[in-house]
Amino acid sequence: MGLKVRNIRTTRTRESIFEALFELMEEKDFDKITIQNLTERAQINRATFYAHFQDKYELLDEIIRKSAEELIQQHTNGVCAFTRDNMMQLVFAAFEYHQQVKKKCRRNYKKIIPLLSSKLVIALKHYFNLCMQEIYSDEDERTLYVQIYANMINEAVTLHTAEQTKLTERSIAERVVQMINLY
């Protein structure tokens, strides 16, 4: 069997496991989902599941991490620039990230907000760190701003998505970018 066929099969298997998890999370709490539920829904055996993931927590972790990274990439068109437009797009990517998970995992959304937030902050920090290397040559200073900006975006988006503010997404994005105070 060629490498391409194996990669296609691996991709399809992983996608069916992801979809099985999303479907099951619509029906029951994440804590109640078993590996047997996942394997039956994805129409795979336990060995196949364990060939891809250690447990359901690693599966959920990968889905959330991958989603954050992909949305940041899409919204910024793969361009790493510390500009007003890109910062606005980062906030919009964060909104879409939370909305996608909230839509697919309505029943479990509030329970997984801490995991969502941590993965989003990691993805944002990675993006900011790359964009700001030329702006802040001092690593300690850059690390401080990277941490502040990533957490600022996450907190603003989380408040809105949890319906704790009536501000619009655009209004929040504009305020966050203003606080970042691009020169």
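1. The crossing of α4 and α6 is right-handed; a crossing has this hand if the near helix is turned clockwise from the far one by less than a right angle, and is left-handed if anticlockwise. The contact joins L60, D61, I64, R65, A68, E69 and I72 of α4 to I112, L115, L116, K119, L120, A123, L124 and Y127 of α6, where contact means heavy atoms within 4.5 Å. Its residues divide into 11 nonpolar, no polar and 4 charged. In this count Ala, Val, Leu, Ile, Met, Phe, Trp, Tyr, Cys and Pro are nonpolar, Asp, Glu, Lys and Arg are charged, and the others, Gly among them, are polar.

2. The model is a predicted one, in which local features need pLDDT of at least 70 and side-chain atom pairs count only at pLDDT 80 or more, whereas totals for chains, interfaces and linings use all residues. Residues are numbered from 1 along each chain as its sequence is written, and side-chain values use heavy atoms, with hydrogens and water left out.

3. As to overall architecture, the protein has 8 helices and 0 strands, and the order along the sequence is α-α-α-α-α-α-α-α. Helices (H or I, at least four residues) and strands (E, at least two) are DSSP runs numbered from the N terminus. The C-alpha trace spans about 55 × 40 × 25 Å along its principal axes.

4. The geometry of the first pair can now be stated. α4 and α6 pack at an angle of about 40°, with their axes 9 Å apart. That makes α4 oblique to α6. Axes are lines fitted to C-alpha atoms, for helices over the stretch in contact, and angles run from 0 to 180 degrees between N-to-C directions; angles under 35 degrees count as roughly parallel, over 145 as roughly antiparallel, 65 to 115 as roughly perpendicular and the rest as oblique.

5. α5 and α7 (residues 139-161) have axes that come within 9 Å and cross at roughly 45°, and are therefore oblique to each other. The crossing of α5 with α7 is right-handed. On the α5 side the contact uses L90, V91, A94, F95, H98 and K102, and on the α7 side I153, N154, V157, T158, H160 and T161. By class these are 6 nonpolar, 5 polar and 1 charged residues.

6. The axes of α7 and α8 (residues 169-180) come within 11 Å and cross at roughly 160°; the two helices are therefore roughly antiparallel to each other. α7 passes α8 in a right-handed crossing. Y149, M152, I153, A156 and H160 of α7 meet E169, I172, V176, M179 and I180 of α8, a contact with 8 nonpolar, 1 polar and 1 charged residues.

7. The largest pocket has a volume of about 380 Å³. Of its 15 lining residues, F18, F22, I63, S67 and E70 are the closest to its centre. A pocket is an open set of points on a 1 Å grid over the protein atoms alone, where a 1.4 Å probe fits, with protein on both sides within 12 Å along at least five of seven lines; lining residues have an atom within 4 Å of a point. Grid points are joined across faces, edges and corners, and a volume is the space filled by probe spheres set on the points. α1 (3-27), α4 (56-75) and α5 (84-104) each supply at least two lining residues, and the lining has 5 nonpolar, 4 polar and 6 charged residues.

8. The second largest pocket has a volume of about 170 Å³. Its lining has 6 nonpolar, 4 polar and 1 charged residues, and the largest share, 4 residues, comes from α6.
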